[in-house]
Structure formats: structure tokens, C-alpha cells
Amino acid sequence: MLVGRYRVLGILGQGGEGEVLDARDTWAGDRAVAIKRVGPEGWDRLHNEFAALRDLEHPSLVSAIDLIRADGVPYLVESRVEGELLLDWASSRSASEVLEVFAGLAHALAHLHIRGWVHLDVTPRNILVNAENEPAGVLLDLGLVRGAG
């Protein structure tokens, strides 16, 4: 149990800076969440990402739930998004379906930019497509920095 609240079930994925854990939020009816864990030096980056996500709500952006530190390790708790990676999903879809997802993602990026944020890592591995929801793409791993003006 992480900070007496999050029950970690396993690892969803790993990247260069850390890993994403599959967990349940026991304070919210055992809701599924994803928890990003990075090294102790990653606190500022996660804090920045949390600050941006806290101010942003969009159906094509992952939502921030909590920012915690346990035993010196920072964790960012986010909504758990179900879906397929964009490349896997797009390989079996029509051009119009793929364009529909890209239109939603472009809207999400515009939403970020209007609020002074820039996503620095828009890649197919950071986009999940939830085919049950229209389909809709969701930007993950918001390596966000404040825009320059």
C-alpha cells in the first residue's frame, strides 16, 4: 500500500525516466489509477506536470489525481486510461477513423497551448486510443513545460 491509499497491482510500462504502475485508489471505491514513479531527482518534473494537469480538463488528456512522495521517491497519480497504443490501433483502421482521432488530439494540443503549456513528447507511444469511446485518442506522459510567452 502506497501512502495508505494506493494498492499497487503491477507495472504497466517502463521508460527512460521511470515506470508506470497499475494501482487502485482505495479511498475512491477501488478506482483504477496509473502511478508514474521516477527517481528522487524527478520531483520537479512531476510537480510541473501535476501543476499543468490540475488546471487542464480535456477528454483527450490524462487527468492528474495526486502528487505524493514516499521514502524520498516521487509519484504522480493519474487517471487510468484503457486502450491500445496509437500505432497498434491505427494499423487496422481506415484513414477516416485515424483522422478522427488525430482531430481530437489536435484539439487537446490547442487546449494546452491556449493555456500556456507545450507537450514535449507527442509520439505514438504516448497516445492511447480508446475505441469504446468514439474512438478517442488520449495523450499520456505529459512532459509539459511552460510555453515561452
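Me: Which residue in β2 is the bridge partner of I11?

Reply: In this predicted model, β1 and β2 pair in the antiparallel sense over seven bridges. Within β2, the residue that partners I11 is L21.

Me: Which strands are the edge strands of the open sheet of five strands?

Reply: The order of this sheet is β1-β2-β3-β5-β4, with antiparallel pairing. An edge strand pairs on one side only. The edge strands are therefore the two that end the order, namely β1 and β4 (64-70).

Me: What angle does the direction of helix α1 make with that of β4?

Reply: Helix α1 comprises residues 43-55 and packs on the five-stranded sheet. It touches β3, β4 and β5. With the direction of β4, the direction of helix α1 makes an angle of about 160 degrees.

Me: How many charged residues are in the lining of the largest pocket?

Reply: The largest pocket holds about 780 Å³ of space, and 28 residues line it, with V20, R125, N126, L140 and D141 the closest to its centre. β1 (6-14), β2 (18-25), β3 (31-38) and β5 (73-79) each supply at least two lining residues. The lining divides into nine nonpolar, nine polar and, as the number of charged residues, ten.

Technical notes:
Residues are numbered from 1 along each chain as its sequence is written. This is a predicted model: local features need pLDDT of at least 70, side-chain atom pairs count only at pLDDT 80 or more; totals for chains, interfaces and linings use all residues. Side-chain values use heavy atoms; hydrogens and water are left out. On a 1 Å grid over the protein atoms alone, a cavity is a set of points where a 1.4 Å probe fits but cannot get out, and a pocket is an open set with protein on both sides within 12 Å along at least five of seven lines; lining residues have an atom within 4 Å of a point. Grid points are joined across faces, edges and corners, and a volume is the space filled by probe spheres set on the points. Helices (H or I, at least four residues) and strands (E, at least two) are DSSP runs, numbered from the N terminus. Ala, Val, Leu, Ile, Met, Phe, Trp, Tyr, Cys and Pro count as nonpolar, Asp, Glu, Lys and Arg as charged, and the others, Gly among them, as polar. Contact means heavy atoms within 4.5 Å. Axes are lines fitted to C-alpha atoms, for helices over the stretch in contact, and angles run from 0 to 180 degrees between N-to-C directions.
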